[in-house]
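Welcome, and please take a moment to look over the sequence and the model before reading on. The notes below go through the structure topic by topic.

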Amino acid sequence: MPDIAALAALAALMLTTIGIFALRALAAPAMSPDRLVAELRLAQVAAMVLALMAGVSVGLAIGHGPRPDLSVEVALGGMLFLVAAIAPFQDPRLALTIVALGFAAHAVTDVMHRPGLLPSDLAAQWYFVGSACLDAVVGALCYLPLLKR
């Protein structure tokens with residue numbers, strides 16, 4: 001059983017980091033080079049967090065031994081990692097959109113564990129609910145600077 005306090009601290013750290021970078025992007029003037037740099041930095045940090053989340057999904061699946069129903073989980077984690085790897089090399093606005101959509105996709109896959117569309121025995125149900133909520137908030141923070149243009 002994972003330590004809930006450690007996972008909560010990690011989630012708070014990720015959320016705080018993304019929040020700080022999102023606020024810096026929002027604080028920069030809309031048409032200044034500083035805004036572009038702040039958006040790019042936000043996209044880069046968010047892509048690293050998305051890669052971490054994809055790695056956790058793949059690790060949960062691999063940790064449960066070889067089962068045919070886990071190949072979908074590994075494939076989804078691999079696709080999210082690919083999204084995280086591609087995003088930082090795009091225009092900052094496109095990168096933020098890609099990363100926000102990646103977090104939304106990860107939230108959807110977390111929700112799919114609850115009704116049983118994906119294996120539900122990989123982690124406790126609270127983990128999938130918490131992860132989906134974290135993904136939704138982080139994705140919204142990534143997209144927030146794009147709304148102020």
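Arg-35 forms a salt bridge with Glu-39, with 3.0 Å between the closest N and O atoms; a salt bridge here is a side-chain nitrogen of Lys or Arg within 4 Å of a carboxyl oxygen of Asp or Glu. The structure holds one salt bridge. This is a predicted model, in which local features need pLDDT of at least 70 and side-chain atom pairs count only at pLDDT 80 or more, while totals for chains, interfaces and linings use all residues. Residues are numbered from 1 along each chain as its sequence is written, and side-chain values use heavy atoms, with hydrogens and water left out.

**The salt bridge in its helix**

- Both Arg-35 and Glu-39 belong to helix α2, where they sit four residues apart, about one turn of the helix. Helices are DSSP runs (H or I, at least four residues), numbered from the N terminus.
- Arg-35 counts as buried because its relative accessibility is 0%. The cut-offs are under 20% relative accessible area for buried, over 50% for exposed, and in between for partly exposed (1.4 Å probe, protein chains only).
- Glu-39 is also at 0% relative accessibility, so Glu-39 counts as buried.

**Nonpolar cores**

- A nonpolar core is a set of buried Ala, Val, Leu, Ile, Met, Phe, Trp, Tyr and Cys residues joined through side-chain atoms within 4.5 Å. In soluble globular proteins, nonpolar side chains tend to be buried together.
- The largest nonpolar core has 26 residues, of which Ile-18, Val-99, Phe-103 and Cys-142 touch the most other members.
- Two or more residues of this core come from each of α1, α2, α3 (71-86), α4 and α5.
- With 10 residues, α2 gives the most to this core.
- Apart from this core lies another one, of six residues, among them Ala-61, Leu-122, Tyr-127 and Phe-128.
- Which residues does Phe-103 contact, leaving aside its neighbours within four places in sequence? They are Ala-46, Val-49, Leu-50, Met-53, Asp-135, Val-138, Gly-139 and Cys-142, where contact means heavy atoms within 4.5 Å.

- Leu-10, Leu-13, Leu-52 and Val-56 make a nonpolar surface patch of about 330 Å². Accessible areas come from the Shrake-Rupley method with a 1.4 Å probe, and for residues only the protein chains shown count as cover.
- Patches are made of residues with over 30% relative accessible area and no salt bridge, with nonpolar side chains (Val, Leu, Ile, Met, Phe, Trp, Tyr) joined within 5 Å and like charges within 9 Å.
- At least two residues of the nonpolar patch come from each of α1 (4-27) and α2 (33-62).
- Leu-10 lies in helix α1, and Leu-10 counts as partly exposed because its relative accessibility is 39%.

- Beyond its neighbours within four places in sequence, Ser-57 is in contact with Glu-73 and His-106.
- Gly-59 is found in helix α2 and counts as partly exposed, because its relative accessibility is 38%.
- Ile-62 is in helix α2 as well; its relative accessible area is 58%, so Ile-62 is exposed.
- Ile-62 and Ile-86 are 24 residues apart along the chain, and their C-alpha atoms are separated by 24 Å.

**Around Leu-147 in α5**

- Leu-147 lies in helix α5 and counts as exposed because its relative accessibility is 61%.
- The C-alpha atoms of Leu-147 and Leu-26 are separated by 9.4 Å, with the two residues 121 apart along the chain.
- Between the C-alpha atoms of Gly-59 and Leu-147, which are 88 residues apart along the chain, the separation is 34 Å.

**A loop residue, Arg-114**

- Where is Arg-114 placed? Arg-114 is in the loop between α4 (92-112) and α5 (125-147).
- Leaving aside neighbours within four places in sequence, Arg-114 is in contact with Gln-125 and Val-129.
- The side chains of Arg-114 and Gln-125 are joined by a polar contact of 3.4 Å. A polar contact is a pair of N or O atoms within 3.5 Å; within protein, one must be able to donate a hydrogen and the other to accept it, and residues adjacent in sequence count only if both atoms are side-chain atoms.
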